[in-house]
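Have the sequence and the 3D view ready, and look up each residue as you read.

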Amino acid sequence: MYMTERPRRVAEPRPEAPGTRRGRRVGRTVILLGLVSLLTDVSSEAVSAVLPLYLTAVLGLSPLAFGFIDGLYHGVSALVRIAGGWLADRADRPKWVASLGYGLSALSKIALIAAQGLGAVTAVITADRLGKGLRTAPRDALIAASSPQASLGRAFGVHRALDTTGAAIGPLLAFAILWFVPGDYRAVFIASLAAAVMGLAILLLLVPDLRPRREAGAGAAPLNPPSLRLLADRRFGRLVLAAGVLSVLTISDGFLYLALQQRDDLAAAWFPLLFVGTNLVYLALAVPLGRLSDRLGRAPVMVGGHLLLVAAYLCAAGPVGGLAATLTCLFFLGAFYAATDGVLAALASTLVRTEVRASGIATVQTVVATARFASSLGFGLLWVWLGRGPAVYAVAAALALAVPCAWWLLRGVERARNTERHQAGAAS
Amino acid sequence: MSIRNRLVAALAVCLVAVGATAAYLVVARDSQQRAAQAAQAPATAAVAAVESVPRIVFRHVAPGQEHGQVALVPLGDPTGRRAITAMSCDRVYASGTRTLCLTPSAVASVFETQVHTRGEPTVVAPLSGTPSRARLSGDGKLVATTSFVAGDSYDVEGFSTRTVIRPTDGAARVELEAFRLLHHGKVIRPADRNYWGVTFAGDGDTFFVTVAFDEQTWLARGSLRSATVTTQRPDAECPSLSPDGRRVAYKKLQGRDPGDWRIAVLDLASGRETVLAEDRSVDDQVEWLDDHRILYAMPRDDGTPGLLGSDVWVVPDDGSGTPQVLIKDASSPAVVR
C-alpha cells in the first residue's frame, strides 16, 4: 500500500536519469533536502548571530525592542505550520508548499539588506518565521515519502545532521565576514541571501516533485482527497498527547544557557558559543540515534531521549559550575535533540495515513512548539519564585515522572500499526 | 528539463551566488581601505601630555587604521588635536587614572571587561553578551557594565540585560537582578525585570539605574550597602548624574515609537523635568561636560557602506540653546576632571 514498497513506478514524467536504482534515489532526495536545509540554516543563523549587534550598534535599538520582536513569532508560527501541512496534503504537492516557505524566507533576506529601523526588521523576521513554519512539515513529508519505512529514522537522522551542520556554520561565517570587512553588516546579509538562494535553487531544480497520495494509490484504488478526520486516530492521538506532555516539561535552551552562564564565569564568557557545543553533539549523534530508532522502535528512542534531557537539567541545576559540568550539560542537550527531533517526525510519519502525512507531522510539531512556548513562560515565573537551582530540579523531577507515563501511552503504538499494514497489504 | 540540465542550472545559480557575494566582500573591503588611506589623519598630540590634565576620553571612529581606538582631548581645547592611544574598545569610560574598556576578546563574539589603571597591571574579566553601557564611579573604585545577553537564534526567549557592579579592589561583584526592588513602597519581583545604565553618586553607595518590567522603564535609585533599588519615576532610561549630584539626565520615549528618545534633565530637589533642545533621537547614556552642559554621541551616515560615523555633540542642560558638534568622529565620551 505504501509507495516505497512498490517496485514499479507508473509511467510518470520523472526527472530521473534512466537506470537509477531505487535505493540510491531514495538516499539522494534525503541528502538533497539535507543540503537545502543546510544552506537555509547557514542563511538564517548567520543573521541571527549578528542581529543583536546590528540592532544595537547600527540601528540603535534598546533591550525592550528585542522583547517586542520576540513575542511576535510564536503565535504566527503555529497557525502557519498547520496551514502548510494541510495545503501540502490537499494539493498532494509537498514540494511546492516547501518551496513557497523557502522562497518567502529567501525574499525576507532581500528586505533585510534594505531594512532600516525597528518596523522593517520586525517585518523581515516575521516573514522569515512564516516561511519556516510553512515549509517544515511538507519537507518532512518529502523525506518520509522518499525513504523506506524501515529506515525512516536513519533518513531523518541524515537530514537533521546536515541541517545542524548549517546551523553551526552560519555564525562562524557571519563572524568571518565581519572580521574581513569590519562593521559591514550588509555583507553578512548578502551572504545570507546567497545561501538562501542556493538552497532554494537546489530544492526547485534537483529535488523530485514527489506526490505521496498519488503514488500510494497507484495500482490500487486511488486514495480520496484528505480530510482532517483521518487524523482522528487513537494511536496518533496518543502520540500527540505524549509529545505535548513531554514538551510542556522542557526548559528552553535560552534559559538553560542562562542558568549555566549565571553559575560560573567561564560559562558566562563563552555564553554566545554554548549552542555551538550543543549543535556539534547533535550533528554527531543524529544519524546513529536515528538508526537506533529504526532497530529499537521510534517511540522508545523518542521517549527515552527525554531522560537525556533530565540528565542535562541535573548538570545545570547543581550549585557548582565548572568546565566539566557545562560541557556535560551541552552533551546531554545535543544528544537529546539527536534522539528526539528527527525520530519524532519519523514516528509521526508512520502513525498517519499517507494522504494526511504532512498535516499529521505539522500537528505534532505545532503541539510541541506551543507546549515549549507555554513552558518557557511558566519556567520564567518558576525561576523567579524558586531560584535557579530549585526551579531546574523541579522541572527535571517532573520530566522524570512524565517519561514512564509517556512510555506507557505509546506502548505498542508502532507494532499495532505494522500489524495493520501487513493485514492491509495481504488483503490488497 | 533533463536532469543534467537541472544540475547545470543549479550549479550555475550556486556559482553566481557565491561569486557575487565574494565580489561584494572584496569590493567592500577595498573601498574601506581606500577610505582609510584617503581620510585626513587628524593631527595627533602626544598622549602623555593630555592624560594628566582634565580631559575628555572617547572612542575615535574616523575611518582609518585607528578606528575604534581610545583618544583624548584636553577639556580646555575639545575641538583641537586629539591624542590617540593604542587601546581599542567597543565602549569606553574613564575616571581619574582608570579607564574601563569593553572590547572583543580573542574569540569571536565573546567580549571582556578591561580595567586599565595607569601604573598598574590591567584587570580583565569576562563580559557575558554584547557590550552596551559602561561607567566608573568618580573615584574609580566601582565599575558598572551592562551587556545584552541574547539567545542564539531569533528565539530570543533567553534575552536579558546583565548589569554588574564590580569594585576594583577585588571584592565580590554584584548583579543588580539579585537586589531587592521597591516599587511604590512594596517589594516586587517581576519575572521580566531588566536593569541597564548605572550612574554613580559620589558617596560610594548611591547610584541611579534604569529598571524595566511589564514593558515600562523606570528611573530608579539604588544603594549598594542595602542591596536595594527603588523606583523613582517612569519612562527614563540610561541615567547620568551631574557632577554636583543635583541633576540627573536620561532619555525618554514620552509615548513616541520605541527607539525615538529625547534627552531630559531632572532636578532631584524640585522634581522638575526639562526636555533638552536636541530634537533628534538620542540613544546614548549621556555624559556631563560640566554642571550645565550635556555630551552625547550622535550617529552620522556619511555614505560608507555599512559603517555609520558618529560625532560627540554638546547641548545646555536647561532646554535652551542649540546642539553643537564638540568632537568630530567620536563616540562613548567620558569626562575626567
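With a relative accessible area of 17%, B:C14 is buried. Here buried means under 20% relative accessible area, exposed means over 50%, and partly exposed is in between (1.4 Å probe, protein chains only).

This is a predicted model, where local features need pLDDT of at least 70, side-chain atom pairs count only at pLDDT 80 or more, and totals for chains, interfaces and linings use all residues. Residues are numbered from 1 along each chain as its sequence is written, chains are lettered from A and ligands numbered from 1 in the order in which they are written, and side-chain values use heavy atoms, leaving out hydrogens and water.

## The disulfide

How many disulfides are there over all chains? The count is 1, where a disulfide is a pair of cysteine sulfur atoms within 2.5 Å. B:C89 and B:C101 form this bond, with their sulfur atoms 1.9 Å apart. B:C89 sits in the loop between β3 (83–88) and β4 (91–95) of chain B, while B:C101 belongs to strand β5 (residues 98–104) of chain B, so the pair ties together parts that are 12 residues apart in sequence. Strands are DSSP runs (E, at least two residues), numbered from the N terminus.

The disulfide of B:C89 and B:C101 is left-handed, because the torsion about its S-S bond is about -115°. Both B:C89 and B:C101 are buried.

A:C329 is buried, with a relative accessible area of 1%.

## Aromatic pairs

A pair of aromatic rings is described by the distance of the centres and the angle of the planes. Rings of Phe, Tyr and Trp (its six-membered ring) pair if their centres lie within 6.5 Å; planes under 30 degrees apart are stacked, over 60 edge-to-face, and the rest tilted. Over all chains, the structure holds 5 aromatic pairs. One of them joins A:F331 and A:F332: the ring centres are 5.7 Å apart and the planes lie at 65°, so the pair is edge-to-face. A:F331 is partly exposed at 40% relative accessibility, and A:F332 is partly exposed at 21%.

The rings of A:F336 and A:Y337 have centres 5.3 Å apart and planes at 55°, so this pair is tilted.

Key. Helix = DSSP H or I, 4+ residues; strand = E, 2+ residues; numbered from the N terminus.
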